[in-house]
Amino acid sequence: AAYDAEVVKHDAMGNCITPIPAYANAFQTMLVDPLTQSPAHLSSVTLLDYQTGEAIAPLTSSGPPPPEFQPAMLVRLTQKVGYKATNWRPVVALRSVFYQASDNGVPVAVALIAYEYRIPTSCGANKVVYTQYPAVLMVTQSLATTQMTQHTFALNLALSVGALFLVGFAIGVPVTGVQLRRLSRITQAARQIAAGNLQQRVGLPPRTDEIGELAQHFDEMAANTEEAFARQHASEERVRQFIADASHELRTPLTSVRGYLDVLARHPVSQDPDVQHNLAAARQEAARMSRIVADLLTLAHFDTGRPLDLAPTDLGELAGEAVDQARLVAGERQVTVVGDGGGKLLAVVDRDRIKQVVLVLLDNALKYGRHDAGAQVRVSLGRTATTAIMTVADNGPGISAVDLPHIFARFYRAAAVSPMMEADALVHGSGLGLAIARAIVEAHGGTITAQSDAGHGATFTLTLPLSPKAKSPVV
């Protein structure tokens, strides 16, 4: 009614006046007020020129484009509709764009909607003619409240997470600490057992949780392991004691047998060649058995425990004495010793035991090496800051790859690999020499290794600490 009362007006010439103010007032009443009030509660509703974006209505907003206006969005909308007014067909659902802008730092949601408004363009008695014009309806909504809500939610969320973290930390740290201490006790017990302390136990009170069950089973396993090792140790001790006792007891009758055979050899009861041959064979076998018993007794002493007679020793002098003894049985074969040029090589060792090792290595080199004039056996000396190094090398047939990993085992005897070796070379060996050598070296805290390629000789390397580093005070 307010709109129709103002639409028909004339100027002084009687021409009809287009009532834009009347339309703007109607726009305010019919759209702006309802949409900006509850429940819609929009920030603003403005009618824009569809080409320039200037505000047409309401009158309070007419003039330049609103600050939230973005020309690029108007272009997008007009591209949807078409630039010609004849093509302007406002289908709101399909002809609208939405974007977010800022008004003095406050985020604003903006909607540009294709719109048509009508104004009277002619007037007459009791008749009003309306003309449709294309325009754009811009609706804005302040997001300040939404932004505040988001910030409040984010703050509440952060505070809640922080509170939960603090509560979890306050509760979880003590609980976790208790559990970790229990696991630490299991770890420490495992390390102690791995180091050889088989009597170590976790000792946690019985519990039904996982860690309690783990500790209980661990202690049971440790007890079973200790019992098994105790049984094995007792069995080994019985075997060592048996070997020691048997070796000791056999020495006396074997000595007697050798004495009787020596008497028979000096005062033969028969000149029969067969008798003499058998007598010589019996003496050889008795001597061999004596050597085996002596070797077994030596190993038994190492197993059951005998003190080392440690003293500063010149290993160069010791090697020279051993080489001189080897030359007595070497014949045409060359046996030499080579120093490192650094003067005396002093090491705190048991002189007799280390000399025994060198003699064993030289004996093996002569026994299993070449037996012609081209045979060579060389003892070499070397040193580092903390160790003395001695090698015994020959140019014989070497040791096969099959035998090499086992040559330090007790009673292991490698097969002949060359026709140059004596046919009965294996008969003269007991298979205990290298085992004794390794036991002596390891008792000094050293190592002994062998390297060989079949057909290119063998090299034994003996490494000894310069200062006393025996694995135990007894061997």
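User: How many helices and strands does the chain have?
Analyst: The chain comes to 10 helices and 12 strands. Helices (H or I, at least four residues) and strands (E, at least two) are DSSP runs, numbered from the N terminus. Please note that this is a predicted model: local features need pLDDT of at least 70, side-chain atom pairs count only at pLDDT 80 or more, and totals for chains, interfaces and linings use all residues. Residues are numbered from 1 along each chain as its sequence is written, and side-chain values use heavy atoms, with hydrogens and water left out.

User: What share of the residues is buried?
Analyst: Of the 475 residues in the chain, 34% are buried. Buried means under 20% relative accessible area, exposed over 50%, and partly exposed in between (1.4 Å probe, protein chains only).

User: What percentage of the contacts comes from residues 24 or more positions apart?
Analyst: Such residues account for 63% of the contacts with a separation of 6 or more. Contact means heavy atoms within 4.5 Å.

User: Turning to α3, which of its residues are buried?
Analyst: Helix α3 covers residues 71-81, and its buried residues are Met-73, Leu-74, Leu-77, Thr-78 and Val-81. Seen down the axis of α3, these residues fall within an arc of 135°, so they line one face of the helix. The arc is that of the directions from the helix axis to the C-beta atoms.

User: Which exposed residues are on the face turned away from that side?
Analyst: That face of α3 carries Ala-72 and Gln-79, both exposed. Just after α3, Gly-82 takes a positive phi of about 115°.

User: New topic: how many aromatic pairs does the structure hold?
Analyst: The structure holds 2 aromatic pairs. Phe-165 and Phe-169 form a stacked pair, at 6.1 Å centre to centre with 25° between the planes. Phe-408 and Phe-460 form an edge-to-face pair, at 6.2 Å centre to centre with 80° between the planes. Rings of Phe, Tyr and Trp (its six-membered ring) pair if their centres lie within 6.5 Å; planes under 30 degrees apart count as stacked, over 60 as edge-to-face and the rest as tilted.

User: Where do Phe-408 and Phe-460 lie?
Analyst: Phe-408 is in the loop between β10 (387-394) and α9 (425-428), whereas Phe-460 is in strand β12 (residues 458-465), so the pair ties together parts that are 52 residues apart in sequence. Phe-408 is buried at a relative accessible area of 11%, and Phe-460 is buried at 6%.

User: Are Phe-165 and Phe-169 buried or exposed?
Analyst: Both Phe-165 and Phe-169 are exposed. They are 4 residues apart in helix α4 (residues 144-194), a separation of about one helical turn. Phe-165, Leu-166, Phe-169 and Val-173 make a nonpolar surface patch of about 440 Å². Patches are made of residues with over 30% relative accessible area and no salt bridge: like charges are joined within 9 Å, and nonpolar side chains (Val, Leu, Ile, Met, Phe, Trp, Tyr) within 5 Å.

User: How many salt bridges does the structure hold?
Analyst: There are 8 salt bridges, each defined as a side-chain nitrogen of Lys or Arg within 4 Å of a carboxyl oxygen of Asp or Glu. One of them joins Arg-231 to Glu-227, with the closest N and O atoms 3.0 Å apart. Arg-231 and Glu-227 both lie in helix α5, 4 residues apart, about one turn of the helix.

User: Which parts of the chain does the bridge between Glu-321 and Lys-355 link?
Analyst: The side chains of Glu-321 and Lys-355 meet at 3.3 Å, N to O. The pair links distant parts of the chain, with Glu-321 in helix α7 (residues 315-330) and Lys-355 in helix α8, 34 residues apart. Glu-321 is partly exposed at 27% relative accessibility, while Lys-355 is buried at 16%.

User: And what is the distance between Arg-383 and Asp-340?
Analyst: Their closest N and O atoms are 2.6 Å apart in a salt bridge. Arg-383 lies in strand β9 (residues 376-383) and Asp-340 in the loop between β7 (334-338) and β8 (346-350), 43 residues apart.

User: Which residues are joined into one network?
Analyst: Glu-321, Arg-351 and Lys-355 are joined by salt bridges that share partners.

Key:
Accessible areas come from the Shrake-Rupley method with a 1.4 Å probe; for residues, only the protein chains shown count as cover.
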